[in-house]
Amino acid sequence: MNPTIVGRARVLPDRVNTDYIISSTRKKDTIDPSQLKRWLLEAVDLNFARTVKPGDILVAGQAFGCGSAMEVAVTVVTAAGIKAVLARSFSRTYYRNAINNGLMPIVCDTSTISEGDELSLSLCHDRVVITNRTSEAELTAAAFPSFILKILSAGGLVPYLREHGRFPEENE
Amino acid sequence: MPPKTTSEKILGSKSGTDARAGDIVLCEPDLVLGTDGSTPMAIDLFEQMGGRGVRYPERVILSRDHYAPATTNATRQFHDRMEAFANQHGISLLSVDDGIGFSVALEAGMVSAGSLVVGADSHTVTCGAAGAFACGIGSTDLAAVFLTGEVWLRVPETSRVVLQGALPHGVTPKDLALELVSSLGIEGANYQTIEFIVPEERTLTTEGREIVSNLAAETGAKAAVFPTGEWASDEGSGIVSEILIDCGTLQPLVATPHDPASGLPVGEVAGTSIDRVFLGTCTGGHAQSYREALDVLDAGNGVAQGVTLVVTPPTRSVRLDLERDGTLQRLEALGATVTETGCGACCGTSGPIPHENTKVLSTANRNFRGRMGEPTANIYLGSHITCAAAAATGRLVDPREIL
């Protein structure tokens, strides 16, 4: 399997916490991500929700998704059509919630990526290759364990369990 | 058998594998916790997974602690939904006034050493105080545990923190916890288990261990365990780092806005005016902490003019203790507002919200911008004693000056 994701880089700062991804105040009235996406990342960039396009790739710094474990901070990102987030590091709850929702969390050095760069992500069996088609630079990240890849490939844990009724097993 | 860490032992036993750091394992948790913040979404996802029956309903406890009591139509519906789900599947649902789910589980002795606890609440790590591997999960994970009885976990590496010596007078486990978070930093233990070694038993009370395990979540730690007996890490197991904290040298600390890892000796910011003090939530301690806070307030002649003191007992049993000996009544007589049991004002979901541009000192664990529901408020974190001293004076002050 060698799926490729191509998209435009949307660069974010370090330590974007879950409240900056979607404010708690917005969650009081609805937790429906198709509604909440109107306020996606408003604390970082008021224009973000207006300018985000399906297929964009979030490019963050350190500790992306720190703060609460609220899963809405992931579903609001996927609702905006985003399939992958690159970051120097993730909070552990954001990382697992991302996997469970089919949002690909990739840990790599994001410092050379600029806003608007065209990125292509290739999932090779032993690593993830990130090609910056704008700067012609290439980065690599660790491959996902096959267990996680199965969940990601299904689009998340809900579709996986709906189809299989149980978790992936080794050597399947 | 090669030596194993506490995490490897517990996750190995719960997955039936030779679990090693870095492995992904499927485990059957002994205790599964869900709150009104995370369970309504999990119920939706459970249905989307095609779920009909809950695999081990007797292992699940649901709490209504974040929206206690429900004050909006949306949150009232969350509670109704949880009640219907719990009834349908034979799951325990705590009463709204029972309090914070994992605190109730710890009080009731439902968390045992060597057990695996998962909860859709990031502060589930608190249960590590009783020697469990306890970690926060998301709503999808919770739905999957309902369906399959299992959770997937990557076995974490382990960092060791040795807590040596005894805390001096006026210095509390909360100060120790703020020191830990500040010295490790916001990602200092990301994806790892922190195991605490306490060479002298008397260093930390049960309540103190809970506060330290709880705050460890802010370092990115997956679990924060005080291992005991056979579950202790073996000699020669893969401990990746070790730090020592000399409790005897600690001072009362406060974390400054908007970063829980920004702990400073309170003396360095003494004089900062405080508009509101919050005593409560899962890091406010057990009944004894409220009694100590009352003593400080008594010594300081009550709540200072212009300060709002909000008191929220974490559980019903703490509330009953404090009512029985008159502590709550005396706090109220000094001008405190006592609110319903639960998470309270900590995360802006219940209890009073701070006014714009005001300064709050709180016994809570997080002070991110907007955490208490008002983005212009500046939140400081400190111990119950430091909080009481600020309530008595209207300023940040080293509580040892009042004690």
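Modeller: B:Gly114 sits in the loop of chain B that runs between helix H4 (101-107) and strand E5 (116-119). The model is predicted. A residue is buried if 20 or more other C-beta atoms lie within 10 Å of its own. B:Gly114 has 20 such neighbours, so it counts as buried. Apart from neighbours within four places in sequence, B:Gly114 is in contact with B:Ile10, B:Gly131 and B:Trp231. B:Lys9 is 105 residues away from B:Gly114 in sequence, yet the C-alpha atoms of the two are 8.1 Å apart.

Now the chain as a whole. Of the contacts in chain B with a separation of 6 or more, 77% are between residues 24 or more positions apart. Chain B has 11 helices and 18 strands. Its radius of gyration is 21 Å, close to the 22 Å that the globule rule gives for 403 residues, so chain B is as compact as a globular protein of that length. Along the principal axes, the C-alpha atoms of chain B fill a box of roughly 60 × 50 × 40 Å. Of the 403 residues in chain B, 60% are buried. As for confidence, the average pLDDT of chain B is 96, and 100% of the residues score at least 70.

The domain assignment divides chain B into domain 1 (29-149), domain 2 (158-249) and domain 3 (253-401). Between domain 1 and domain 2 of chain B, the C-alpha centres are 26 Å apart. The contact between these two domains involves 13 residues of domain 1 of chain B and 17 residues of domain 2 of chain B. On the domain 1 side, strand E6 (residues 133-136) of chain B gives the largest share, three residues. By class, that side has seven nonpolar, six polar and no charged residues.

One helix of chain B can be followed in detail. Helix H6 (residues 173-184) of chain B has 12 residues and should span 16 Å at 1.5 Å a residue; its end C-alpha atoms are 16 Å apart, which agrees. Because 11 of its 12 residues are buried, H6(B) is largely enclosed by the rest of the structure. Among the buried residues are B:Pro173, B:Lys174, B:Asp175 and B:Glu179, together with B:Leu176 and B:Leu184. The buried residues of H6(B) pack against several elements of chain B, including strand E8 (158-164), helix H7 (206-215), strand E11 (239-246) and strand E18 (378-381). Just after H6(B) comes B:Gly185, with a positive phi of about 85°.

Some backbone values deserve a separate look. Most residues other than glycine have a negative phi, and most peptide bonds are trans. The bond from B:Ala68 to B:Pro69 is cis, with omega near -5°. B:Pro69 is placed in the loop between strand E3 (60-63) and helix H3 (73-89) of chain B. B:Pro257 and B:His258 are also joined by a cis peptide bond, with omega about -5°. The loop between E12 and E13 of chain B holds B:His258.

Two asparagines have a positive phi. For B:Asn301, phi is near 60°, and the residue lies in the loop between helix H8 (287-299) and strand E15 (308-312) of chain B. B:Asn301 counts as exposed because it has 11 C-beta neighbours inside 10 Å. For B:Asn357, phi is near 55°. B:Asn357 belongs to the loop between strand E16 (337-338) and strand E17 (359-362) of chain B, and is exposed, with 10 other C-beta atoms within 10 Å.

Chain B also touches a partner. In the complex, 32 residues of chain B are in contact with 30 residues of chain A. On the chain B side, strand E1 (24-27), helix H2 (39-48) and helix H5 (139-148) each give two or more residues, and H5(B) gives the largest share, six residues. By class, the chain B side has 13 nonpolar, 14 polar and five charged residues. The predictor gives the complex an ipTM of 0.93 and a pTM of 0.96.

Technical notes: Residues numbered from 1 in each chain as written. Chains lettered and ligands numbered in written order. Predicted model: local features only at pLDDT ≥ 70, side-chain atom pairs only at ≥ 80, totals over all residues. Helix = DSSP H or I, 4+ residues; strand = E, 2+ residues; numbered from the N terminus. Rg over C-alpha atoms; globule rule 2.2 N^0.38 Å. Contact = placed C-beta atoms within 7 Å. Nonpolar A, V, L, I, M, F, W, Y, C, P; charged D, E, K, R; others polar. Expected span 1.5 Å × (residues − 1). pLDDT = per-residue confidence, 0-100. Domains from an automatic or database assignment.
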